[in-house]
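Please consult the sequence and the structure alongside the text.

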Amino acid sequence: MKFTTLSLFPQFLDAFHNFSIIKRAIGKGIVEIEDVDIRSFSKDKWGRTDSPPVGGGAGLIQKAQPIVDAIRAVKTQNSHLIMFSPRGKTYTQEDARRLAKYSHIILLSGHYEGIDERVGKYVDEELSIGDYVLTGGEIPSLVVMDSVIRLLDGAITGESLGEESFDGGLLEYPQYAEPYDFEGDKVPDILYCGNHTAIEKWRRKKALALTRERRPDLFEKLELSKQDKKLLQEEDSGEVPEWEKRALEKGSRFIKK
């Protein structure tokens, strides 16, 4: 897969190539990233890529010519061009999975007060990463690349992808690392019991409860099974259910003291 970024500040994106999962994915040939400087396409004798808004107003507007020429230089029939805009659809994990199926994605980063409206006809899709204002589109470009690249075959292990926040519409269950006791706050004993069925059941219960508490908008969209409803009832009661007691009893020798 290939990403092409179109930006006035491509140097802002340089470090992204050189760390962690992204660096390994590039090294394995799983992904290619090309950063293109929009300024290099300016036909203005001073190299300017912006001008005051027609009709008056604050700030500067990016000109159509340098952007469109940059698009023409990199876009092919297989390319999918995304522009970041407050008008765009809010980006989700579902979008990341959808975009991971493309062979070439072009990411257009805007700056200043915006981009000439006429650029819109060259764009395939507009996206937003949230309802707030950033100084430019480079950070949204990084968000999309990072979230998509990690889904590509071979970028990370399939096991790591198997259970993540937003998969199945749920937030991820609580995770812990050693030590067992940190300043009096202990890892739940069920995670040491050795009964993987019970552990998965506990994790499902906690994921449901966390999603209901922290992201009611996601929770409302869930189709709860009978078991899901029972797990939530258990959570609300505050009592340890029989299945968990049995798992703790049988696995008592593994539980840390």
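The points below are grouped by topic.

The structure is a predicted model. Its salt bridges number 20, and three of these pairs are treated here in detail.

**Salt bridge between two loops**

- Lysine 63 and aspartate 44 form a salt bridge, with 3.6 Å between the closest N and O atoms.
- This pair joins distant parts of the chain, the two residues being 19 residues apart. Lysine 63 belongs to the loop between β4 (61–62) and α2 (64–74), whereas aspartate 44 belongs to the loop between β2 (32–37) and β3 (50–51).
- Lysine 63 has a relative accessibility of 28% and therefore counts as partly exposed. Aspartate 44, at 26%, is likewise classed as partly exposed.

- Aspartate 95 pairs with arginine 98 in a salt bridge whose closest N and O atoms are 3.0 Å apart.
- Both residues lie in helix α3 (residues 93–99); because they are three residues apart there, about one helical turn separates them.
- What is the burial class of aspartate 95? With a relative accessible area of 3%, aspartate 95 is buried, since the class covers values under 20%.
- Arginine 98, by contrast, has 31% relative accessibility and counts as partly exposed.
- A network of salt bridges links Lys89, Asp95, Arg98 and Glu125.

- Glutamate 244 and lysine 205 meet through their side chains in a salt bridge, at 3.6 Å from N to O.
- The pair links distant parts of the chain, 39 residues apart: glutamate 244 is in helix α9 (residues 242–250) and lysine 205 is in helix α6 (residues 196–214).
- Glutamate 244 counts as buried at 10% relative accessibility, and lysine 205 counts as buried at 4%.
- In general, side chains of opposite charge can pair when their charged atoms come close.

**Packing of α6 against α9**

- How do the axes of α6 and α9 cross, and at what angle? They come within 10 Å and cross at roughly 135 degrees, which means that α6 is oblique to α9.
- The crossing in which α6 passes α9 is left-handed.
- On the α6 side, the contact involves Ala198, Lys201, Trp202 and Lys205. These meet Trp243, Glu244 and Ala247 in α9.
- Classified by residue type, the contact of α6 with α9 has four nonpolar residues, three charged residues and no polar ones.
- Lysine 205 and glutamate 244 are among the residues in this contact, and their side chains also form the salt bridge described above.

**Backbone geometry**

- The peptide bond leading from glutamate 178 to proline 179 is cis, and its omega is near 15 degrees. Proline 179 is placed in the loop between α5 (158–162) and β8 (181–182).
- Serine 20 is not a glycine, yet it has a positive phi of about 50 degrees. Serine 20 is located in helix α1 (residues 20–27).
- Glutamate 183, also a residue other than glycine, has a positive phi near 50 degrees.
- Where does glutamate 183 lie? Glutamate 183 is in the loop between β8 and β9 (185–186).
- The relative accessible area of glutamate 183 is 73%, so this residue is exposed.

Notes
Residues are numbered from 1 along each chain as its sequence is written. This is a predicted model: local features need pLDDT of at least 70, side-chain atom pairs count only at pLDDT 80 or more; totals for chains, interfaces and linings use all residues. Side-chain values use heavy atoms; hydrogens and water are left out. A salt bridge is a side-chain nitrogen of Lys or Arg within 4 Å of a carboxyl oxygen of Asp or Glu. Helices (H or I, at least four residues) and strands (E, at least two) are DSSP runs, numbered from the N terminus. Buried means under 20% relative accessible area, exposed over 50%, partly exposed in between (1.4 Å probe, protein chains only). Axes are lines fitted to C-alpha atoms, for helices over the stretch in contact, and angles run from 0 to 180 degrees between N-to-C directions. Angles under 35 degrees count as roughly parallel, over 145 as roughly antiparallel, 65 to 115 as roughly perpendicular and the rest as oblique. A crossing is left-handed if the near helix is turned anticlockwise from the far one by less than a right angle, and right-handed if clockwise. Contact means heavy atoms within 4.5 Å. Ala, Val, Leu, Ile, Met, Phe, Trp, Tyr, Cys and Pro count as nonpolar, Asp, Glu, Lys and Arg as charged, and the others, Gly among them, as polar.
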